Amino acid sequence: MVAAVEAVAEQVVAQLREDCATPAARLDRVAAAMEEEMRAGLREEGGSKIKMIVSYVDNLPNGSEEGLFYALDLGGTNFRVLRVQLAGKEKRVVKRESREVSIPPHLMSGSAAELFGFIASAVAKYVADEGRNAALGGKQRELGFTFSFPVRQTSIASGTLIKWTKAFAVDDAVGEDVVAELQTAMEKQGVDMRVAALINDTVGTLAAGSYNDADTVVGVILGTGSNAAYLEKASDIPKLEGELPKSGNMVINTEWGNFSAPCLPITEYDEALDEESLNPGEQIFEKLISGLYLGEIVRRVLLKIAMQCSIFGDVDRTKLRTHFNLRYIASCTTHSMSLTP
């Protein structure tokens with residue numbers, strides 16, 4: 001009996017391993033297909049599955065920055081409010097404080113006013129707990145807004161939401177300026193704070209890497225979702241309108257999570273997950289590799305094994321029909337990397 005159960009399980013896993021195999025030849029094809037899509041995305045808006053969004057960040061930090069900085073990081077089921085005191089190249093980060101808040105599930109598919117209102121109320125409480133900060137010197141607080149969803153930016157402090165990813169579905173926010181939404185919500189909460197910059201988390205990761213190492217050229221996110229940003233020559237971005245920046249560079253937010261190609265190792269489990277997702281046919285690459293979806297893929301593999309044999313003994317197999325929910329995992333860490341050549 002045990003041998004039979006093991007045989008079934010091994011057969012399913014062996015097939016999965018074969019379907020997921022990524023020998024060097026396949027990886028070369030994936031890299032070539034991704035490069036082609038990236039070049040198409042740089043040529044024109046809407047020319048590629050990989051959007052290659054211009055960030056309007058043309059200079060990266062170098063470690064000499066000084067002052068008090070506030071940040072809001074929204075990219076998944078939680079968001080963070082941060083306050084950082086920088087003191088130049090010698091002392092660097094002298095003080096860093098943050099607060100993490102979990103977003104109620106109903107707000108992830110509710111209205112823009114409800115979502116941004118909830119976020120603004122958390123920011124208001126954070127500022128109220130801080131009280132009067134002498135380091136501000138009477139100046140208005142300025143906030144850097146990290147918004148980890150596809151946005152078409154029109155300046156360093158404005159951008160319209162293209163679409164939601166990572167299980168968000170706040171429909172009335174699509175096509176709207178997310179900075180304006182947040183700014184309005186904070187004003188309603190009585191928060192005297194101005195959103196001074198809008199960036200994607202990959203751009204933030206690249207900036208953080210550059211702060212510590214001037215040779216950093218790529219930032220990669222491997223967490224709830226997956227994405228990358230890198231430093232491109234402005235002259236190599238045909239779709240970039242207007243006068244080129246004096247630095248000669250421009251940070252590009254690739255939004256590579258939406259990449260898809262026939263050469264990707266897509267299994268029956270990936271196909272089923274995509275069909276039942278909130279955004280079928282989109283974010284295919286992200287669904288293959290990121291934290292929001294990997295647990296669900298494992299559940300589907302275990303369910304197939306359990307339906308063919310009693311691998312879990314008398315355990316009720318119907319429990320495996322309940323979709324995996326990342327929110328209920330006790331510990332889930334988002335990993336980010338900055339790369340140097």
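This is a predicted model: local features need pLDDT of at least 70, side-chain atom pairs count only at pLDDT 80 or more; totals for chains, interfaces and linings use all residues.

Me: What makes a set of residues a nonpolar core, and which members touch the most others in the largest one?

Reply: A nonpolar core is a set of buried Ala, Val, Leu, Ile, Met, Phe, Trp, Tyr and Cys residues joined through side-chain atoms within 4.5 Å. Buried means under 20% relative accessible area, exposed over 50%, and partly exposed in between, with a 1.4 Å probe and protein chains only. The largest core has 39 residues, and Phe145 and Phe147 touch the most other members. Helix 4 (112-130) is among the elements that supply at least two residues each, and its share of 10 residues is the largest. Helices (H or I, at least four residues) and strands (E, at least two) are DSSP runs, numbered from the N terminus.

Me: Why is the pair of Phe147 and Phe149 called tilted?

Reply: Rings of Phe, Tyr and Trp (its six-membered ring) pair if their centres lie within 6.5 Å; planes under 30 degrees apart count as stacked, over 60 as edge-to-face and the rest as tilted. The ring centres of Phe147 and Phe149 are 5.1 Å apart and the planes stand at 55°, so this pair is tilted.

Me: What kind of aromatic pair do Phe147 and Trp164 form?

Reply: Phe147 and Trp164 are edge-to-face, with 5.7 Å centre to centre and 65° between the planes. Phe147 is in strand 5 and Trp164 in the loop between strand 7 (158-161) and helix 5, so the pair ties together parts 17 residues apart in sequence.

Me: Where does Arg92 lie relative to Tyr211?

Reply: Arg92 lies over the face of Tyr211, 4.9 Å from the ring centre. The rule asks for NZ of Lys or CZ of Arg within 6 Å of the ring centre and within 35 degrees of the ring normal.

Me: How many disulfides does a search of the whole structure find?

Reply: The search finds 0; a disulfide is a pair of cysteine sulfur atoms within 2.5 Å. For Cys20, the nearest cysteine sulfur, that of Cys263, is 14 Å away.

Me: Why does Cys20 count as partly exposed?

Reply: Cys20 has 35% relative accessibility, so it counts as partly exposed. Cys309, at 10% relative accessible area, is buried.

Terms used:
Residues are numbered from 1 along each chain as its sequence is written. Side-chain values use heavy atoms; hydrogens and water are left out.
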